[in-house]
Amino acid sequence: MYRIVSKEKLAHKHTLFTVDAPEIAAKAQAGQFLIVIPKEGGERVPLSICAFDRQEGTVSFAFHEVGKSTKELGTFNAGDELFNVTGPLGNPSEIKRYGKVLCVGGSIMIAPALLQAKALKEAGNEVITVLACRSEEFLFKKAEAERYSDRVYVASDDGTIGEKGLDFLKEVLSREKFDRCTVIGPVVMMKKVSEMTRPFGIPTIVSLTPIMIDGMGMCGVCRVTVGDKMLFGCVDGPEFDGHKTNFDELIQRQRSMLPEERLSSLLWEHEHEGGCRCGRK
Ligand SMILES: Cc1cc2nc3c(=O)[nH]c(=O)nc-3n(C[C@H](O)[C@H](O)[C@H](O)COP(=O)(O)OP(=O)(O)OC[C@H]3O[C@@H](n4cnc5c(N)ncnc54)[C@H](O)[C@@H]3O)c2cc1C
Ligand code: FES
């Protein structure tokens, strides 16, 4: 069992947990992920590591409540115990002194993007961070981003804070020379940023989130196409070359279980929230 040391509300349905897991904290690195099973018999939920403290023996992850398992996770509080947390899984981010790095984090993935920004800054890079969110109320950890970055841009889909959308990046990219770009967030955002950096020849690393089961290379569910290779998100990634990734296939595969996921979410709401929008009581 893994005790939740603290629960931090980042925004509506966006939560950050810090859990007691000394054996994971001892090995965790930026870019890796955990598989969390909230309750016995529950689903395995892959979640990116967004912080770790080797001395305290804790590791943190942030999640957006989108379906049954993440909604269930949101009902846990500090002091509660999670049935299982496995990790660190996947390969760490490649952190070197590249020069000037553009670090883009979107939605809930702003949290793990900041761990990358911190590691890149500590390696001696000039770090320009972009925090992309739906609207002002979904922006979090800006002060932390400022600590790890030489400059921070904020962008929101509706323009309620910072730049409206990510199109402003075209101008930034044509004005300044970047040596590397890392992008972690919704797949459509990673695709868009990769398309923007392509004409400038900026090596662009994306962190892919295919549906996963075991997270250890055995089930094959997480396969992604990168260049002419079929790779496994869990053991070959989760980070890949954004200019070679087949994002459309990834989006299609992510949507393959939508009806089942929707049903499972509605049933969970019935059981735990006393009714839902489908009208049944
Ligand atoms: C390596 C990796 C790291 C991840 N890191 C994080 C993280 O740090 N924080 C976070 O909130 N989420 C993260 N995700 C996504 C997260 O695992 C899913 O949102 C979660 O499994 C959904 O479970 P659910 O039962 O709540 O919803 P489901 O019922 O399984 O799905 C609900 C909705 O979420 C979508 N969804 C399901 N799986 C994924 C997925 N893998 N990626 C994107 N959308 C998905 C479905 O298409 C559906 O629309 C990560 C995924 C991977 C593979
Ligand atoms: S999740 Fe099973 S092989 Fe990657």
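**Aromatic rings and their neighbours**

Phe17 is buried, with a relative accessible area of 0%, where buried means under 20%, exposed over 50% and partly exposed in between (1.4 Å probe, protein chains only). The model is predicted, so local features need pLDDT of at least 70 and side-chain atom pairs count only at pLDDT 80 or more, while totals for chains, interfaces and linings use all residues. Residues are numbered from 1 along each chain as its sequence is written, chains are lettered from A and ligands numbered from 1 in the order in which they are written, and side-chain values use heavy atoms, with hydrogens and water left out.

A search of the whole structure finds 4 aromatic pairs, a pair being rings of Phe, Tyr and Trp (its six-membered ring) with centres within 6.5 Å, called stacked if the planes are under 30 degrees apart, edge-to-face if over 60 and tilted otherwise. One of them joins Phe17 and Phe63, whose ring centres are 5.2 Å apart with planes at 65°, so this pair is edge-to-face. Because Phe17 belongs to strand E2 (residues 14-20) and Phe63 to strand E5 (residues 58-64), the pair ties together parts that are 46 residues apart in sequence; strands here are DSSP runs of E with at least two residues, numbered from the N terminus.

Phe63 is likewise buried, at a relative accessible area of 1%. Its ring and that of Phe61 have centres 6.3 Å apart and planes at 40°, so they make a tilted pair, and Phe17, Phe61 and Phe63 form one aromatic cluster.

Charges also meet rings: the charged end of Lys100 sits over the ring of Phe178, 5.2 Å from its centre, which requires NZ of Lys or CZ of Arg within 6 Å of the ring centre and within 35 degrees of the ring normal. Arg134 lies over the face of Phe138, at 4.4 Å from the ring centre.

Notes. Helix = DSSP H or I, 4+ residues; strand = E, 2+ residues; numbered from the N terminus.
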